[in-house]
Amino acid sequence: MSDVKGYGANPFALWYCGLRDRLEGRSHRARARWGYLKAPEGPGKLIWLRAGATERSVRLAVEVAAALREKRRDVRLIVTFHVEYPKLLASRLGELAKTGFGYGPADAPKAVHRALDRLNPLGVISVDAAPGKHFQRALIERKIHSVQLQGVCTSDVALEAYYPSLLEANEPHHASYVAPAVDLLTLIIPSQVDPVFGSLLKGNACTDMWWVHGPANGKTWLQAWKNSPLYANSVLCVSEASSEFEAQARSLGVMPIRASEWTRDAVPPGSVWIVDEARWLPALAASVSGVCLMAPEDRETYWQVLAGGAPLLPEFACEPNAALAAWIALQADPPQARKSRDLARRLFWEERRKATSVLEEFLQRVYDW
């Protein structure tokens, strides 16, 4: 059974996951699942930010908590989640006054009411994860403010406000107020990155770096890369989770270099630079000459590509041979490449400006509670 299970109302799942957590030495998680939460110490009313199981959800919750702390110094804040990301939490929330974080409760009625009794929140903000039906009904009964930031709105009881992302703009919802659809991730994407990384990696032998994100057909990509004219003067950067990609590259006579093992020396033309650590993505986006994004649902990488000004191929052009042909055309047409980079940055900054406006309205709403 997955770690993220046991947060609904199924009694067997709750029992099983609670037992598993205790056996693994995580009794605090098992207690939190049943609503035994502890509010941060100090004076002031409490605002509860509920994240889900994804890193995106927790990251957004953490950043919203930091923004709320700047806007309202009088309240206490608590951030809960279903999966823990220790580095992310400690580095950002550990410095905030009157702020706590930990595992959250399941959607079982007893757990929900126990948590609400113990926290007595002024308002609840569900971040990229819709509130469960028992949770949302309890908030309505207790007249507690309830807002959802991003994520699909699945609650069948009306929220006070819903702030959808672009992906959820046309999804059905129950909310008294619906904000313009924007992607709040654009507010936390690094946007000013020194492209010196590209100079180090390419050295004097390579002219360009090209990036494919999440290729499903690794061997086809590698064969197309080896047969392409770009193989003689460029580096192919690949971000993907499969450990087979490196072995496939070696079997085809292509040199793979893992980002985590890179020694900061220039790599030879034709090499495949495997991005196995997410921290390289901002520098990569600022340095490559073109990108093929094979995982369009990965909005964080999408916005990072645009923020870095990397020309992004349309999804229909991401078949290996078509992508390589498009990159060859970009390499041969520097003015068009510059236009593509300018367009990418403009799209990113337009979305960030819209997101800033929506976030300000949201923060004012919470300030007025």
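Student: How do you know what share of the contacts in the chain join residues at least 24 apart in sequence?
Tutor: Take the contacts (heavy atoms within 4.5 Å) between residues at least 6 apart in sequence: 64% of them join residues at least 24 apart. Keep in mind that this is a predicted model, where local features need pLDDT of at least 70 and side-chain atom pairs count only at pLDDT 80 or more, while totals for chains, interfaces and linings use all residues. Residues are numbered from 1 along each chain as its sequence is written, and side-chain values use heavy atoms, with hydrogens and water left out.

Student: How many of the residues count as buried?
Tutor: 52% of the 369 residues do. Here buried means under 20% relative accessible area, exposed over 50% and partly exposed in between, with a 1.4 Å probe and protein chains only.

Student: How many helices and strands does the chain have?
Tutor: There are 13 helices and 11 strands. These are DSSP runs numbered from the N terminus: H or I with at least four residues for helices, E with at least two for strands.

Student: What makes β3 and β6 edge strands?
Tutor: Start with their sheet, an open one of 6 strands in the order β3-β2-β1-β4-β5-β6 with parallel pairing. β3 (99–103) and β6 (161–163) each pair on one side only. On average, neighbouring strands there are turned by 15° against each other, direction ignored.

Student: How do you know that β4 pairs with β5?
Tutor: Pairing takes at least two DSSP bridges between two strands, and 5 bridges join β4 to β5 (residues 145–149), running parallel. For example, V124 has S146 as its bridge partner, and I125 has V147. On the other link, 4 bridges join β1 (residues 46–50) to β4, again parallel, and L49 is partnered with I125.

Student: What makes β4 mostly covered?
Tutor: 5 of the 5 residues in β4 (residues 123–127) are buried. In a regular strand the side chains alternate between the two faces of the sheet. In β4, G123, I125 and V127 lie on one side and V124 and S126 on the other, and both faces are covered.

Student: Why are β9 and β11 at the edges of their sheet?
Tutor: That sheet is open too, with 5 strands in the order β9-β10-β8-β7-β11 and parallel pairing. β9 (256–258) and β11 (290–293) each have a single partner strand, so one side of each has no neighbour in the sheet.

Student: Why do the buried residues of α1 line one face?
Tutor: The buried ones are A13, L14, C17, G18, R20 and D21. Down the axis of α1 they fall within an arc of 165°, so they line one face of the helix; the arc is that of the directions from the helix axis to the C-beta atoms. P11, F12, W15 and L23 are exposed on the other side, while the buried residues pack against α2 (27–33).

How values were computed:
Axes are lines fitted to C-alpha atoms, for helices over the stretch in contact, and angles run from 0 to 180 degrees between N-to-C directions.
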